[in-house]
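Here are a few friendly notes to read alongside the structure. They cover a helix pair and a sheet.

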Amino acid sequence: MILLSLIPAIVLTSILFFIWHLKKTRYALPTQGVALIITGLVLLLLGNTLSAISQQTPLLINELLNVISINAINSLGFLILGFGIYRWMPTVTSLEKVERFSQELVDSYSRLEIYNSKLQEERELSQSVSHTAHDAIISIDENGVISLWNSGATKTFGYKPEEIIGQPLLKIIPKRFQQQHISGIGRVNSTGKSRVIGSVMEMDGLHKDGHEIPLEISLATWFQDGNRYYAAVMRNITERKKSEKGNERIQQSRIAISSLLKIALEPIKLEELLEKALSIILSVPWLSLQSKGSIFLMNDETNELVLVAQKGLAPHLLTACARIPIGYCLCGRAAQEKKLIYSEHMDHRHDVTFDGIKPHGHYCVPVMFQDKLLGVVNSYIPDGHERNHEETEFLQAMANTIAGLIERKRMEQRLEHIAHHDSLTGLPNRLLFLEHVTKQIARSRRDKTLLALLFMDLDHFKQVNDTMGHNIGDLLLIEASTRVKSCLRDSDMIARLGGDEFTISLPVVAKPEDAGLVAQKIIEELSRPFFLNSQECNIGSSIGISMFPFDGDSPELLLKKADIAMYDVKQHGRNSSKFFKKGMAEGRD
């Protein structure tokens, strides 16, 4: 700094010594004038040069230049220039030339003043823009040492200029990126090549308090006095990242709900639907859930939760949680209180436990349809996980969607039951019976087994119905179907075709006589008196039997021949059974 301040004195002393040396020559006067003019111009040139240098140097050099009074140098140069002209003018023979020369000197100085003023304005504008910009503007040298730090950088990283200037840039770079930064700056210094200079990239920065900041960074580089410098404009994009993350969550949530609604259209059972629903919930990326959970359905008759879908549960839990009483453990409490239960740890409410169970927490969400409890969705969260409002809202929305799916599926099941079952007795109807027999025929054909089909008609039913009333007749049909079912195996099926006609399928019978024994058992059961509303009534039954593969290979044909055999029983005394035989009458009275 002291050396720079001595520059004008050194130049002035040298030229004055030169003038004094020439004093005794005949050229002293013109030579002194020219020397003074040159001295003045040199000082003016020095003042403008120093002003220009101050615009393009790092802050440290810039501050040194400010110590030198540039205006003082310019003023001294102007004074010496004027005195030199005064000493030189007598040697000029033409006044016109003197005036023109003087005007040119004045114009030149005016241009110099204008140029100097513009440089000063640009300098002030550059400093103003740099220090008022909201983005962080940082400059470093080729060694990675910070030389420029604006107010935006202070706002972004928390460091004041006096704390950070002269420090390595690594101070604001997370450790996982520091080696990458060192390698990159070394490569540019040695080769001049870089994939990121002149481009925009995203990277995390390190705040003074230790937290990381998402940044959008633009990089540039330049040379000055043979040395490379780097500049970076860094924008804090925390809010933008939050917005992007929120939009991503919304999109993932929409996909999950859409997938949930899509499986509702699949022709699958309710249990399978709930298994898929659970998988969808556990696979949502932004939820802090472990890859295990369960869904329970409410059993109103036993007042308990029944496990119907699960993923990743330990064998012990499959047994212990198969049925959960209302109010027991977290799921039972969620059902009892009909509100979401959150557990950060395995606390006193976690009634089900076993040796070796790992610490965890829960979100237990009741599945509600209007005010009716349908079940509970149970999800696992990491131990110590803090309750998240967005997570609970989403899980509640998924539980509400599942409630709609359960109701839809149950409505489908009710409609299907109505379409395939008799409304009075609850037995399968003709349509379901024929579908069932079709499958049994295919199985018997494959396994080469016998299949028996019985066609049964209640004897004297019309008389009971006409004399005792339709209510008694309905009760008689219900009681008769119950007695017949008691004579059958689980694999057998009884169906009501209409009125007092029933059909029965007996798959996998060893021989035709076995079917005859079943028919006889049914006849005996229906021959016992019926007591309906304190009234006694008696009926019988006529049964015709057809056999696959002897009497046909389709449900319709077997049913027709069993009907013919039953009609033959009616014609010959009733309350008995017969196998179909060729030659039996095919018509009815």
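Predicted model: local features only at pLDDT ≥ 70, side-chain atom pairs only at ≥ 80, totals over all residues.

1. Let's start with the helix pair. Helix 17 spans residues 470–485 and helix 18 spans residues 512–527; their axes come within 9 Å and cross at roughly 140°. The two helices are therefore oblique to each other. As for handedness, the crossing of helix 17 and helix 18 is right-handed.

2. Which residues in helix 17 and helix 18 meet? On the helix 17 side they are Ala480, Arg483 and Val484, and on the helix 18 side Ile522, Glu525 and Leu526. Sorted by class, this contact has four nonpolar and two charged residues, with no polar ones.

3. Five strands form an open sheet in the order 13-14-12-17-18, and the pairing is mixed. Strand 13 (493–498) and strand 18 (577–579) are at the edges; each has a single partner strand, so one side of each is left without a neighbour in the sheet. On average, neighbouring strands of this sheet are turned by 20° against each other, direction ignored.

4. Strand 17 (residues 540–548) pairs with strand 18 in the parallel sense, over three bridges. Isoleucine 543 stands opposite serine 577 in strand 18.

5. Finally, the helix and the sheet come together: helix 18 packs on the sheet and touches strand 12 (450–459), strand 14 (501–509), strand 17 and strand 18. The direction of helix 18 makes about 165° with that of strand 17.

Conventions:
Residues numbered from 1 in each chain as written. Heavy atoms only, no water. Axes fitted to C-alpha atoms, helices over the stretch in contact; angles between N-to-C directions. Helix = DSSP H or I, 4+ residues; strand = E, 2+ residues; numbered from the N terminus. Parallel < 35°, antiparallel > 145°, perpendicular 65-115°, else oblique. Left-handed = near helix turned anticlockwise from the far one by under 90°. Contact = heavy atoms within 4.5 Å. Nonpolar A, V, L, I, M, F, W, Y, C, P; charged D, E, K, R; others polar. Pairing = 2+ DSSP bridges.
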